[in-house]
Amino acid sequence: LGTAHRFALWPLMFMGEVVEINRRLPRLLKEARERDDLYEETNLSLAVRTFVRLAADEPARARRELAEVMEKWSHQGFHVQHMNRLFDEAQIDLYLGDGETAWRRLADAWPALEQSHLMRVQQIRILMLHLRARCALTITGAGKDVDSWLRRAERDVRSLHREKLAWADALAQLVEAGIAFRRGDGKRSGEMLATAAAGFTTTDMHLYAAIARRRHGQLIEGTAGEALVRQAEEWMNAQQIHNLDRMMTLLAPGWAET
């Protein structure tokens, strides 16, 4: 049941259904604690809970809760729970715009991640490749060795496309849009944002679709751009995402926030 609860919540995270997660998660966590179920409490406290904390613009609380729950978990080996904490810590770093710290976390843990064989799981592989590409794109915003970091992001984009899944392609296209923008190619960036938004809509990844539309609207400006931005912001506000710019920084880096 614990595993089923986790797998029911994960799709909601990718869909961006913050309101629904916040409706379900507190009760599930309360029940897990009442029966002293460390497995379910830990799994529910990773990834999904961190996501809703960031949606509430509470990165410090997210970091504190991660430390508290993982203090109870085994410190031996490299389990899926350790991978999820790595993912969450890097997510918090990126939410705060700190790509360098996020990159170092991944670089330090990547050998253990590969040795654990978790990267044989396609979903995990896609998540971690996309995360690493976002780290590289965030670092380019600091203006440090931009071309080298863009090439790193491009390598992960190619790996994502090799997965031959619609949602992996859409994630790759969102990164490609950021790469094109950083290279000064606004036309291609806009094209990739529109393509990514369509891919996310097809796969029900509504938060990512809103992110891509908002980026596209900011890029093209004018009446059409304003309509895209308004549509995206209405959806994100309805899902109680408190800091839209920070969520953009997290999921679609490569642009300077206004």
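This is a predicted model: local features need pLDDT of at least 70, side-chain atom pairs count only at pLDDT 80 or more; totals for chains, interfaces and linings use all residues.
Helix α6 runs over residues 80-95 and helix α14 over residues 244-251, and their axes come within 8 Å of each other, crossing at roughly 125°. Angles from 65 to 115 degrees would count as roughly perpendicular and those over 145 as roughly antiparallel, so α6 and α14 end up oblique to each other. As for handedness, the crossing of α6 and α14 is right-handed. On the α6 side, the contact is made by Gln91, Leu94 and Tyr95, while α14 brings in Arg246, Met247, Thr249 and Leu250. Sorted by class, the contact of α6 with α14 has 4 nonpolar, 2 polar and 1 charged residues.

Next come the aromatic rings. A pair of aromatic rings is described by the distance of the centres and the angle of the planes. Searching the whole structure turns up 5 aromatic pairs. One of them joins Trp103 and Trp149, whose ring centres sit 4.8 Å apart with 85° between the planes, an edge-to-face arrangement. Trp103 belongs to helix α7 (residues 99-115) and Trp149 to helix α9 (residues 146-162), so this pair ties together parts that are 46 residues apart in sequence. Both partners are tucked away: Trp103 is buried at a relative accessible area of 19%, and Trp149 is buried at 14%. The cut-off for buried is under 20%.

Another ring pair is that of Phe200 and Tyr208. Here the centres are 5.3 Å apart and the planes make an angle of 35°, so the pair counts as tilted. Phe200 and Tyr208 are both buried. Elsewhere, ring pairs link Trp10, Phe14 and Trp167 into a cluster.

Tyr208 turns up again in the surroundings of a histidine, His130. This residue is found in helix α8, and with a relative accessibility of 3% it counts as buried. Setting aside neighbours within four places in sequence, His130 is in contact with Tyr208, along with Leu160, Leu171, Val175 and Leu251. Arg33, in helix α2 (residues 18-34), has a relative accessible area of 44% and is therefore partly exposed. Not counting residues up to four places away in sequence, Arg33 touches Glu41 and Arg49.

Finally, the backbone has a couple of spots worth a look. Most residues other than glycine have a negative phi, and most peptide bonds are trans. His117 sits in the loop between α7 and α8, the latter spanning 122-140, and with 46% relative accessibility it counts as partly exposed. Glu221 also has a positive phi, in this case near 55°. The loop that holds Glu221 lies between α12 (206-220) and α13 (222-238). With a relative accessible area of 56%, Glu221 is exposed.

Technical notes: Residues are numbered from 1 along each chain as its sequence is written. Side-chain values use heavy atoms; hydrogens and water are left out. Axes are lines fitted to C-alpha atoms, for helices over the stretch in contact, and angles run from 0 to 180 degrees between N-to-C directions. Helices (H or I, at least four residues) and strands (E, at least two) are DSSP runs, numbered from the N terminus. Angles under 35 degrees count as roughly parallel, over 145 as roughly antiparallel, 65 to 115 as roughly perpendicular and the rest as oblique. A crossing is left-handed if the near helix is turned anticlockwise from the far one by less than a right angle, and right-handed if clockwise. Contact means heavy atoms within 4.5 Å. Ala, Val, Leu, Ile, Met, Phe, Trp, Tyr, Cys and Pro count as nonpolar, Asp, Glu, Lys and Arg as charged, and the others, Gly among them, as polar. Rings of Phe, Tyr and Trp (its six-membered ring) pair if their centres lie within 6.5 Å; planes under 30 degrees apart count as stacked, over 60 as edge-to-face and the rest as tilted. Buried means under 20% relative accessible area, exposed over 50%, partly exposed in between (1.4 Å probe, protein chains only).
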